[in-house]
Amino acid sequence: MEKKWWHDKVAYQIYPKSFCDTNGDGIGDLRGIISKLDYLKQLGVDIIWLSPIYKSPFVDQGYDIADYYAIAEEFGTMEEFDELLAEAKKRNMDLIMDLVINHCSDQHEWFQKALADPYGEYADYFYFRKGKDGNPPSNYRSYFGGSCWEPVPGTDLYYFHMFAKEQPDLNWENPKLRQELYNMVNWWLDKGLAGFRIDAIINIKKNLAFPDFEPDAPDGLAGCWKMVESVDGVGEFLEDLKRNTFRKHDAFTVAEVFNMKEGELPEFIGDDGHFSTIFDFSAHSLSDGEHGWYDAPPIDFKRWRKTVMDSQMEVQKSGFEANIIENHDEPRGVSRFLPDYAKNSDGAKMLGTVSLLLRGIPFIYQGQEIGMQNAVWNSIDEFDDISTKDQYHIAREAGLSDEEALEVCSRMSRDNARTPMQWCGEKNAGFTTGTPWLKVNSNYPEINVEKQEKDAGSVLNYYRRLVAVRKSPEYKNVFTYGEFEPEYADTDTVMGYYRFDGEKRMLVVANFGKDAVELKLRHPVKNIVLSNKNRKRAEFALKLESLEVLVLECM
């Protein structure tokens, strides 16, 4: 494998709106991020991913971009962004931003020009199509519910949107549009950005006939992803994008890719793949419901373990994936992947260890390093997320009571990850002196950075040790390039695996069960590198306590 500068890095995702507010308007800002760079450096972060900070009406939390060259005034100014970039570089940290180029905002100049002249040049930057017999051109349901087609005022045309109606899809078949996007990408990379997290990129290839599909719900519509799965040729667009932008700058790119076809992984993340890496969502897909969140199954430990292990074994043949426990689009991992008895600091340390030492690029989401959990939601009105409100209505229409639908949304909502970062036990968790845009999790007096800074046994201080182990000169190579091999896969409660290269053999082993388990060790233990319960000895047999995790160097 060709070694790249980003292979041994640890990344941290910031959701700027909820990270740190310095001007009291209740919304996090760039100045707040600058103020926390030393905190991130102490954690061991190399790459910082900022969720969208571009100018936007914020219909979908900034994933509806109105100007790709402007910073949203809610977050600050371009001068402050430049300062953030410079301050990060001083600390030897790189910045990546979200790249949202499947769609833009309906407030973008291109779309406004398209509406003004629906048969003109800018209309071809989008998908404007005539309806059929007074109906939309096809029966696709958007990711956020409802038809993918919206009428163009004053015409018999409709425009296409796979997300909210305020997010019209961009027409990648148009070479002029593609060049506009490439110019923008290069502008940011020339400015000093290290790369991008690339949003919903698999959706850029459309079947231009937009054929109907068999309806999959009582609304008579079919999920728009069926069209995505049925069309070929997205790789040509992705290679064109890479050739004209990323490759010139040796940029780090991590893509959000769903709907990949069988056998395509090497094309996406091989030595000359479309991207540096893609996120591994295999474990998160285990709680996908057939019809929505309301019929989402609970996470089963054995199924989760097998999914993670199978993914690791498959990916190591091709390249690197990016490993996550949670992100801005998922509920908190501690609340999702751990049973009730494990939703505590020991469980958070155990889950973190198992994830961060897998083969691939670890991404820590803000608050994960202190064990932040899902919030308690008292009413659907407390949520901000467009998707959560849609899922609430789907659950109600499926026959769930208000209380049951609220419970489903409380468990699965993306807003669980968007509650403000918990910095201290003071009002609003130290996030803002004003009124926060989204409520603060009520457990902030117990779970916060300031409290954990003072506790040597806290989740935060454990995460610092964990990241330090992964990046240490002694173990960096084995945890970066070492092979992955499952262990204890036949047990009921143990997640274990080896990482090994020509020089070292490491065993990561965790007991997710309520009771202690006795395990035989295949290889003698040379050293206990990390323990969440301060264990000092391990020999040929090991009694692993409930929620205990160990990182062992073996002979």
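I started with D199, which is buried because its relative accessible area is 7% (buried means under 20%, exposed over 50%, partly exposed in between, with a 1.4 Å probe and protein chains only). This is a predicted model, where local features need pLDDT of at least 70, side-chain atom pairs count only at pLDDT 80 or more, and totals for chains, interfaces and linings use all residues. Residues are numbered from 1 along each chain as its sequence is written, and side-chain values use heavy atoms, with hydrogens and water left out.

I placed D199 in the loop between β10 (195-198) and β11 (222-223); helices (H or I, at least four residues) and strands (E, at least two) are DSSP runs numbered from the N terminus. Leaving out residues up to four places away in sequence, I found D199 touching Y63, D98, L99, V100, H103 and E256 (contact means heavy atoms within 4.5 Å).

Next I traced the barrel: eight strands close it with parallel pairing, in the order β1-β2-β5-β10-β12-β13-β14-β15. From one strand to the next, the twist averages 30 degrees (axes are lines fitted to C-alpha atoms, for helices over the stretch in contact, and angles run from 0 to 180 degrees between N-to-C directions). I then saw helix α5 (residues 175-191) packing on the sheet, where α5 touches β5 (94-99) and β10, and the direction of α5 makes about 135 degrees with that of β10.

Last, I checked N183 in helix α5, which counts as partly exposed because its relative accessibility is 40%. I noted that N183 and S458 sit 275 residues apart in sequence and 46 Å apart in space, C-alpha to C-alpha.

Key: Two strands pair if DSSP finds at least two bridges between them.
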